[in-house]
Amino acid sequence: MYAITLNGFGDPEVMQWTQVADLPAPGPGEVTIDVVAAGVNRADVMQRLGLYPPPPGASEIPGLEVSGHIAEVGPGVQGWVPGDAVCALMAGGGYAERVNVAATQVLPVPRGVSITAAAALPETAATVWSNVVMTGGLRRGQTLLIHGGGSGIGTHAIQVGRALGANVAVTAGTQFKLDRCRELGAHTLINYREQDFPAVVNAAYPGANVILDIMGGSYLAKNVEALAENGHLTIIGLQGGPPPN
């Protein structure tokens, strides 16, 4: 089969369409997917730059999420049959014609979503739901503050917040991104280059009940200032450095 491999680290030119070894048959609890599309995540870019080594045991081929059709099912797999349209989350290997992935990490392509667009769902959906809902406990009537509202995570989180009946505030650095956030349903738009986000949030609401943060250390003090009483701060990225000890 063919896959995108890395001929060194650096700009996109280091990626090459290369013939690689064929996959083995799916193991117990696994399915094989004929890949239609693969998502592009920050981790993929960082891996290409040499800043994100794959986890131990993961494929050296980039790609954390794919969409496609099930080609084979391994022993013990129930609920999936060859031909099913699916998307899936994995530790690596998605930039290939075929992938083997645990059946528990496979989702059906949702109604109304093209199979190509579905490749961009698993990573964002899993990240947002686990952090905003399962960890943060966001409920109807509460306020969700999303940093990086124009990102893949941010745009998905806006829609989840609105679907749950929450007030949604976002930060972004350009008017173009803020306009897109408004189109997706964000109520409060904050240009972090020009506005103090804790002041805006605290003026509009009694603080944020859940904050989804990609910045880390550089935002910690202001995030605490913007939190409502008994609020939850979930840090999923350290683009602004690690929190101080």
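Strand S6 (residues 98-102) contributes the most to the lining of the second largest pocket, giving five residues. This is a predicted model, in which local features need pLDDT of at least 70 and side-chain atom pairs count only at pLDDT 80 or more, while totals for chains, interfaces and linings use all residues. Residues are numbered from 1 along each chain as its sequence is written, and side-chain values use heavy atoms, with hydrogens and water left out. Helices (H or I, at least four residues) and strands (E, at least two) are DSSP runs, numbered from the N terminus.

**Second largest pocket**

- The second largest pocket has a volume of about 290 Å³.
- Of the 20 residues that line the second largest pocket, Leu23, Ser59, Gly92, Gly93 and Asn100 are the closest to its centre.
- A pocket is an open set of points, on a 1 Å grid over the protein atoms alone, with protein on both sides within 12 Å along at least five of seven lines; a cavity is a set of points where a 1.4 Å probe fits but cannot get out; lining residues have an atom within 4 Å of a point.
- Grid points are joined across faces, edges and corners, and a volume is the space filled by probe spheres set on the points.
- The lining of the second largest pocket divides into 13 nonpolar, five polar and two charged residues.
- In this division, Ala, Val, Leu, Ile, Met, Phe, Trp, Tyr, Cys and Pro count as nonpolar, Asp, Glu, Lys and Arg as charged, and the others, Gly among them, as polar.

- The chain is divided into domain 1 (2-119) and domain 2 (126-235), with bounds that come from an automatic or database domain assignment.
- The C-alpha centres of domain 1 and domain 2 lie 30 Å apart.
- The largest pocket holds about 1,100 Å³ of space.
- Among the 44 residues lining the largest pocket, Arg42, Ser151, Gly152, Ile153 and Gln239 are the closest to its centre.
- Because domain 1 and domain 2 both give residues to its lining, the largest pocket lies between them.
- The lining of the largest pocket has 20 nonpolar, 18 polar and six charged residues.

**Helix H3**

- H3 provides the largest share of the lining of the largest pocket, five residues.
- The 12 residues of H3 reach 17 Å from the first C-alpha to the last, close to the 16 Å expected at 1.5 Å a residue; the expected span is 1.5 Å times one less than the number of residues.
- Buried residues of H3 include Ile153, His156 and Val160, where buried means under 20% relative accessible area, exposed over 50% and partly exposed in between (1.4 Å probe, protein chains only).
- H2, strand S8 (143-147), S9, H4 and strand S11 (208-213) are among the elements that cover the buried residues of H3.
- Glycine 165, which follows H3, has a positive phi near 85°.

**Cavity**

- One cavity of 30 Å³ or more is found in a search of the whole structure.
- Gln47, Tyr52, Pro54, Pro55, Ser59, Ile61, Leu64, Ala91 and Gly92 line the largest cavity.
- The lining of the largest cavity comprises six nonpolar, three polar and no charged residues.

**Two exposed residues**

- Glycine 79 is placed in the loop between strand S4 (65-73) and strand S5 (85-89), and counts as exposed because its relative accessibility is 70%.
- Asparagine 230 lies in strand S12 (residues 227-235) and has a phi near 65°, a positive value in a residue other than glycine.
- Asparagine 230 has 68% relative accessibility and therefore counts as exposed.

Key: Contact means heavy atoms within 4.5 Å.
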